[in-house]
Amino acid sequence: MPAGGAGTVRLDGPPHFGQLWQTTAVDTWPGGPAPLFWSGSTRGLDAHVRFPPDGRARHLTDSKVMGETATSLEPTRATNSAPLDDEARYLAVRSRDARFDGWFFVAVTSTGIYCRPSCPSPPARPFRVRFFPTAAAAQRAGFRACKRCVPDATPGSPEWDRRADLVGRAMRLIADGVVDRDGVPGLARRLGYSERHLNRLLLAEVGAGPLALARAQRAQTARVLLETTELRAAEIAFAAGFSSVRQFNETVQEVFAQAPMALRARSNAKRDTRGGSWAVPGSIVLRLAYRLPFQPAHVFGFLAARAIPGVEEGDLEHYRRTLCLPHGSAVAELRVHTRAEGYLQCVLCLDDVRDLTAAVRRLRRLFDLDADPVAVTEALGADAVLGPAVTAMPGLRTPGHVDGDELAFRAVLGQQVSVAGARTVAGRIAAEHGRKLPDASGSLTRLFPGAAVIAALAPDELPMPAGRARAVIRLASLLASGDVVLDAGADRDAVAERLLAIDGIGPWTVAYIRLRALGDPDAFLPSDLGVRRALEARGLPGDPRSAVSLAEKWRPWRSYALQYLWATPVSSGRDTTDRRPTARKEQVA
Ligand SMILES: [Zn+2]
């Protein structure tokens, strides 16, 4: 994988992701106990607010929350672009700029409330304002969520998806519910660091330790369930990951300043519908927020073209699939929200409601909903090769996956066959070896078989050439034994190295796994046939070496550059208006 090459790439994330929260929490604001701390910028209040926010202010308190104590601050890392300072954050808040939602949270000391930057309430005076990198950090400092703007219901910070370092990996695992399932020891084990180190690092970088982050997430899940389902309080407490109803009541009261049932009553009064006619009884209807611009047909089309019969189905506007989750299986359905721009509508039928957090997290990764399309558009829009496509289709997402193992198998069996061919093979594997759903949901009848099932097969039981079947089985053994873990917490470089060592798995397959299973925003597939065709269609040399060198300037967004290349209509005398990357062969180097 080229990410380690040329000595130009930082392995802990895109270069501008420095750690930039100001560490000098000295109050220099005249006239009062102002918690706001200016970063020393000389820009006036009418300065242009740079987007995306490259940096984040940091403010630590000494208070103890759930056993987590701020200990030390990490030194500031180098950055090659200006940080977003508190002055710029305040401007973003004053202009109610929704692009910043999820990037930071703003709290007002006089009301004790924290908001998303675009909150419609009149902005507070600068000296009453504090900024936090996470909702958990605001809660930890004693602030409550605004009832008006519901700050936690924003897309997540794209920073956590982009960062390849320990903080990014930890944030992705916490989002997947690992702390609720395995506790902080489980999280630390998964990452290979001590609990203490992890705690210290998260406190320094995101203003809250793993317990506070998980608690903020439980509160958010509880609110969603209270507002969107008829589940009883005890069921919700359990589903959201609380260990007791009392803890659930206390947390909801603390975070939202309302008792759980009051929260529900309030939302009942506001709500128009519970998901429309397509919601199945017993299902949970949610809205999944994303940032604009967004081209839903691209990602829906991409998934539909690859949908495994019996496991997935879709078209340009909707998508359904079966999911294998920590506590059971599920069926998820997503579609473009017809009345609310900025949301996908999602219906989940879960065997076990405790899987709600993991299901939502995995679907968000599948659709790349935490992405920052403005940053990508800014970076690639001016590019001579990609610019026209970016201008024509701003906001393409990099489709991820709900299950790293399944994606890895699909990457191997997709070697040197067409997308349609790979789909047929995957469908046969699912039909022959996948577990049947207890209740079929329309055409969705099976789960894709897990690594343990595939590892136990003989090569001639897989419908593909023997060499490739052996590679699939070798891969399955490594995944089943836990030697290689393809989840949100994976160390991308270490995993890539392990995969490349498997006989029959080449750079294309590894890069594809990096792209979709590991959510790397900077993966590139220079030997991909679609890439070659797209470059040649633009009159450029399409050989891998030329592609690699051309792609250098698309860092750190080469995964998105790929989407624009793949979306290139390739003239072959066929219908060139179809921009879906369907009939293209994907091949190994
Ligand atoms: Zn608000």
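Ala430 is buried, because 22 other C-beta atoms lie within 10 Å and the threshold for a buried residue is 20 or more. The model is predicted, and in it Ala430 belongs to helix 16, which spans residues 419–433. With neighbours within four places in sequence left aside, the contacts of Ala430 are Ile308, Gly310, Val311, Arg446, Phe448 and Pro449. Of these contacts, Arg446 is 16 residues from Ala430 in sequence, and the C-alpha atoms of the two residues are 6.8 Å apart in space.

Val252 is classed as buried because 26 other C-beta atoms are within 10 Å, against a cut-off of 20 or more. When residues up to four places away in sequence are not counted, Val252 touches Ala219, Ala222, Pro260 and Leu263. Ala219 lies 33 residues from Val252 along the chain, yet a separation of 5.9 Å is computed between their C-alpha atoms.

The model also contains an open sheet of 4 strands, arranged in the order 3-1-2-4 with mixed pairing. Strand 3 pairs with strand 1 (residues 105–108) in the antiparallel sense, over 4 bridges. Within this pairing, Val106 has Phe131 of strand 3 as its bridge partner.

Terms used. Residues numbered from 1 in each chain as written. Predicted model: local features only at pLDDT ≥ 70, side-chain atom pairs only at ≥ 80, totals over all residues. Helix = DSSP H or I, 4+ residues; strand = E, 2+ residues; numbered from the N terminus. Buried ≥ 20, exposed ≤ 12 C-beta atoms within 10 Å, placed from the backbone. Contact = placed C-beta atoms within 7 Å. Pairing = 2+ DSSP bridges.
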